[in-house]
Amino acid sequence: MLSRTPPSRRTILKQSAAGFGLLGLRSLLAAEGGAPNPLAPKAPMFPPRARRVIFLFMHGGPSSIDTFDPKPRLIADNGKPVPFKRGLTFGEDGVKGLMKSPWEFRQHGQSGIPVSELFPHVATCVDDLCVVRSMVGDGVDHGAALLQLHTGVFSFRRPSMGSWTLYGLGTENQNLPGFITIKPTLGHGGQNNWSSSFLPGEYQGTPIGSSDMKIEEIEKEPMPWLIPKGLTAENQRFELDMIQKMNRRHAERNAHDADLEARIGAMELAFRMQVEAPEAFDMAKETEATKQLYGLDSETTRDFGWQCLLARRLSERGVRFVQCSHSYKWDQHTELFKLHTKNAAEVDKPIAGLLKDLKARGLLRDTLVIWGGEFGRTPWAQGADGRDHNPYGYTLWMAGGGTKPGSIYGATDEFGYHAVENRMHLHDLHATVLALLGIDHLKLTYRFAGRDFRLTDVAGTVAQGVFA
Amino acid sequence: MVFLAAPLLAQNGDPEFFEKNVRPVFAKNCYGCHGPNRQSAGLNFSTGPGSDGSRLLEVVSYAADLKMPPAGKLSEAEIAALKTWVDAGAVWPKQAVTAASAGTGGKQITAADRQYWAFQPVKDPAPPAGKAEAWAKNPLDRFILAKLEEKHLTPAKPAGKLTLLRRVTYDLTGLPPTPEEIAAFEADNSPTAFARVVDQLLAKPQYGEHWGRHWLDVARFADSTGMDEDHVYPNAWRYRDYVTNAFNNDLPFNRFVMEQIAGDLLPGQNAEEKQRGIVATGFLALGPKPLAQQDRIQMIYDVVDEQIDTTSKAFLGLTVACARCHDHKFDPILTRDYYALAGIFASTEAFRNLGRPGSVSYIYNAPLDPEAANRYQSHRWRMFGKQLEMEEALAEDWARESALQSPRIAEWLIAAKNATKGGSQDKDAVKWRHWLESADEKARGSYLKKWFEATPDTIAAVAQEYQAAYVAAAAKWESQMAGWRNRYATEMAQDRDLPARPKPNAEDAPFFAAAGFNGGPLELHDSDRVAVLRAEWTALQKSLGPEPPMAAAVTDSVPVDQHIFLHGDHHSEGAAVAKTFPYVLAGESQTQPAKGSGRLELAQWLASAENPLTARVIVNRVWQWHFGEGLMRTPNNWGKMGDTPANPELLDYLTKRFIESGWSIKALHRLILLSNTYQMSAEASPGAKEADPLNRLNSRFNRLRMSVEEVRDSVLSLSGNLDATLGGALVPAKGKKLDTDDLKRRTLYIPVRRGSVPAVLSNFDFGDATTSSEGRARTNVAPQALFVMNSRFVIERSGDFAKRLLDDAGLSDAQRIERAYLMALTRRPAADETDSALSYLASLEAKLPGDGRRLAAWQSLCHVLISTNEFLYLD
């Protein structure tokens, strides 16, 4: 059978230039009366603050009261019975008294925003953060909470916020997918969290591996069928030329049907993606200093560092929406101290590295970075040393993309259980993210089954307070 | 008679303002503690304000000591609404008013609503006369022709013979015609040649596989619950096979409808038919389910909602689920219609058990043979009972032995220490010494370290330490085991998953775990009593046998007295509703079923010839699956926001014939396929494309991109490796992922996890298998091209295809090329195409290294054919 020699990039580039030239494929299609490209960049509805999004998703639910929302009252009342009514809670087993944070908080930067010992590196970036301490969701189990965070609802399958973003804005680089999710979890909604649902399939997220895969495994073929497996690059081009010869003859016989022309274009685009996309995933050309900045030199931080560095590479190549997932780590019903320590150590340096790198490259200005989990954790202890899920008041932070640097938005009650000030429901978060991207969430609609749908369903208020 | 909306009693205050602005505030923010289920401080804001309202305003504006709701202050708008209402006297509407205004939103069904075209009885229009009547092969064509002539258009010329064969073979079986089938059809010049092909194709089991797949899309079929936890439905395949068989056997469609809604309640002629009925209700059972949802009522009603949505779209083409929170915005579907159906499905069981808090709910599976299932279940209970009995005996033995032995641990540890120095030969001491000395490095370096390091001076204290640790751990263990036995009994009684038997904690109590178990000196050996019980238990385990066949199905549960949920919120109940069907279709005077869930009555109503929608909806779908587009182009939405058919007379004509034929899908196929309309070319006649760009009038055939099933199955078929096995479960071996690249079965059989649809499916517009599908999209994106270019599947199958060609030693290369064209494209190559292919083979072979170059070049040529648009598009 055929040899498995991988093509050299240069050959492919050269060959692909012979196929369709450097003329933009889509403009060529348009010239030939092909279908309009649904992924072409679209003008925002109003001047945007952010042009792209990187979402750092902490799957499992990091505890806000142990990271970015200190609660002195819990120190004072440590061990005392829970003095308020508990909402619908995930596990009713092992509910104990209030539990203070096992970590110290210190104020950092010019802004003096308190960060716990868990995030020493992120603490050095605190003047770039806009810490939202008043997040609210409706799902008390992971599945519901992930779905609502990603799609706005959990009772139905709906398009992901990345899909809505792509639908609203298109994407800048036609040789890469516009919505990429790196190492996503296949649990807790899995694909539903990056699906385009009823939006056209072009807007679905493209997963890069999954949470259970190792980097080496993913690097072999980051996206399905990206790497040629049969012929050498030259011969593959030779083969494609034969296909396209037959296709053109067929198209001529069939009055240059737009669908047939579009497929001719899709074949060329695929051929070019083989070159462009692997280049985006190839970190060999990054300097040692950059790799160190992201923690690629340490086993602890390498995985999430790789994700963050890849996120930067994809963002700078024009990918509209990138998600990194630290999955599924943060669900400390037990062993809060041991495992939150470990989890934070894995992501702290890579996150700080990403923020610093984006800033140094001038990308942070118009790249919205979001950090957060699907919910926070309870101020009471579960069992000896755990915390249960708390969707009623938790922290998420944003950086760049026109958010107010070095600021705190909203507040929880003195126990850190309920958001009480400037509550930001997930619908509000979605409305706000779209607003930062220059989209009015009320106007970004899609008609399906006889009705206009939005990311924010029938709710959502833009939180002007987080704008710079 | 059922509940009818009482007139509004707007006496004091404005009930509409209350229902719109005030009640929702209470429902959303207060019912959790002061609602129908809990009345903290004696307050119930679902029945009344509890005071004159001034205290209420004080509390919600956070002006008083007491700040409510505790979860955060109400919005300004909410507080303002409460204030307006309090200022107007805080009038609480009487229950009747509540039910009327909030329950139905006040929308009334008008005469115009009833006269909507889709709700009219099916008519029987006469086929119109036309000028070019000679063109018409059957009456269907006359309806098409009449519309074309209105626009001064002519139908496209007939498709070529082989084009038609390719079209109909894919259309009915999803596979390409074989060279033998091509030869037979070419040789048959009789006028009935095409009819004969249609009959042959309809008789193939591959027909049911292909057409069953169409229905499975409508039924949002998948193999897992999706949503949060994505649990596998282990018996989903039975429903899939049921659908395949229903099409193959031409099960009358009205019966098909009834079985899917209430097959378990239909009288079956025999055991097989009875089981078929149970399996058929997989239609209701196999939807997405949020199993981890902790608000179980929400979960149940989300499933009910999903069932209403799928049922109403699939059979009625209506979006009834829009009326969950309010009357339908566009169609005359009222909230009471929604909850009338909700009452039926809420009285139907989809869960076996709602699970413990913090855990998932269990899906219901129905036994196909209830007697065998009962025997199996009682056997299991005997087995579990025996295990518990044995565990109790073990616990007694443990307690007794532990009391005797634990106090002597120190003594033995000292003796063992001395024994190593050639001292005591006491039997117990020797046993301990032997155990200690056979300990591995890890044990010696950790929990036994102190003993090994102890000197004659320290051994007494060290031994005491070990004994104390053992006693403490043993006490913990006993209570852990007691807790486990309790939990085991509870879970067993409630038919949930049983907790695993605890293991001693080797991390926290290593000495206890090592000395007390697995060959340790204090290991408890079975007493005679325990030995007998264990033997009995083991025998019961061995004789249990496999679980009798189960189906993903539903069953009737306790009938629910369904109330309207105001604004869709189950915390806030409105008026009671009877179990009826949408009033605009079924009329105002309906009788509530005397007993049961009402599911059987629903099935009968849906499948009735008088129902104006069910037959029309399926006839339109069948048209859509033949032509790519329906006569009505929003097949799941026949409401006002949906499409209007371009040829309503034809739709009714076909529907009438369909009902007359006994709801036979195969008869409908024949009627459509033997028309000239079906047999037209995809090439438009002059002016047709400009006058009718969307081809709404069917002046030509629609060129269609293959579905993912057609792509993948064709490639397998060309490779000669298609495994034609029908039906059954396709479960990967334990710990193995199913590699779709290696799978030789038809694509229909690839298990679909809603949480991780295989990439090949999702990239080729398979859809989400979560809501009823209106039809597949036919996008044309680069990842699909990458699949064709670079997937191992396509490359390897191209190699198999090439090998088949080369293995046929009697052929010249030119003949091989002809055969390849016939197989892949259902046509012979033109002379210059053969030349071009030959020269391609020669050039590529020259570029390739090694012995395998000839096969490799042919593999590439086969890959080329599979990659062409001509292969991918059906004309």
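## Contact between the chains

In this predicted model, 65 residues of chain A are in contact with 69 residues of chain B. On the side of chain A that touches chain B, the elements giving two or more residues are α5 (142-151), α8 (233-253), α9 (258-281) and β16 (419-421) of chain A. Of these, α9(A) gives the most, with 9 residues. Sorted by class, this side of chain A comprises 32 nonpolar, 20 polar and 13 charged residues.

In soluble globular proteins, nonpolar side chains tend to be buried together. The largest nonpolar core here has 308 residues, and the members that touch the most others are A:L56, A:V132, A:A270 and A:W397. Helix α9(A) supplies the largest share of this core, 10 residues. One of the members named above, A:L56, is in contact with A:C324, A:I351, A:V369, A:I370 and A:W371, when neighbours within four places in sequence are left aside. There is also a second, separate core of 26 residues, which includes B:I409, B:L436, B:F511 and B:L522.

## Domains of chain B

Chain B is divided into the domains listed here.

| Domain of chain B | Residues |
|---|---|
| domain 1 | residues 15-106 |
| domain 2 | residues 117-158 + 612-702 |
| domain 3 | residues 252-368 + 557-611 |
| domain 4 | residues 376-542 |
| domain 5 | residues 705-874 |

Taken over C-alpha atoms, the centres of domain 2 and domain 5 of chain B are separated by 33 Å.

How values were computed:
Residues are numbered from 1 along each chain as its sequence is written. Chains are lettered from A and ligands numbered from 1 in the order in which they are written. This is a predicted model: local features need pLDDT of at least 70, side-chain atom pairs count only at pLDDT 80 or more; totals for chains, interfaces and linings use all residues. Two residues are in contact if their C-beta atoms, placed from the backbone, lie within 7 Å. Helices (H or I, at least four residues) and strands (E, at least two) are DSSP runs, numbered from the N terminus. Ala, Val, Leu, Ile, Met, Phe, Trp, Tyr, Cys and Pro count as nonpolar, Asp, Glu, Lys and Arg as charged, and the others, Gly among them, as polar. A nonpolar core is a set of buried Ala, Val, Leu, Ile, Met, Phe, Trp, Tyr and Cys residues joined through C-beta atoms within 7 Å. A residue is buried if 20 or more other C-beta atoms lie within 10 Å of its own, exposed if 12 or fewer, and partly exposed in between; C-beta atoms are placed from the backbone. Domain bounds come from an automatic or database domain assignment.
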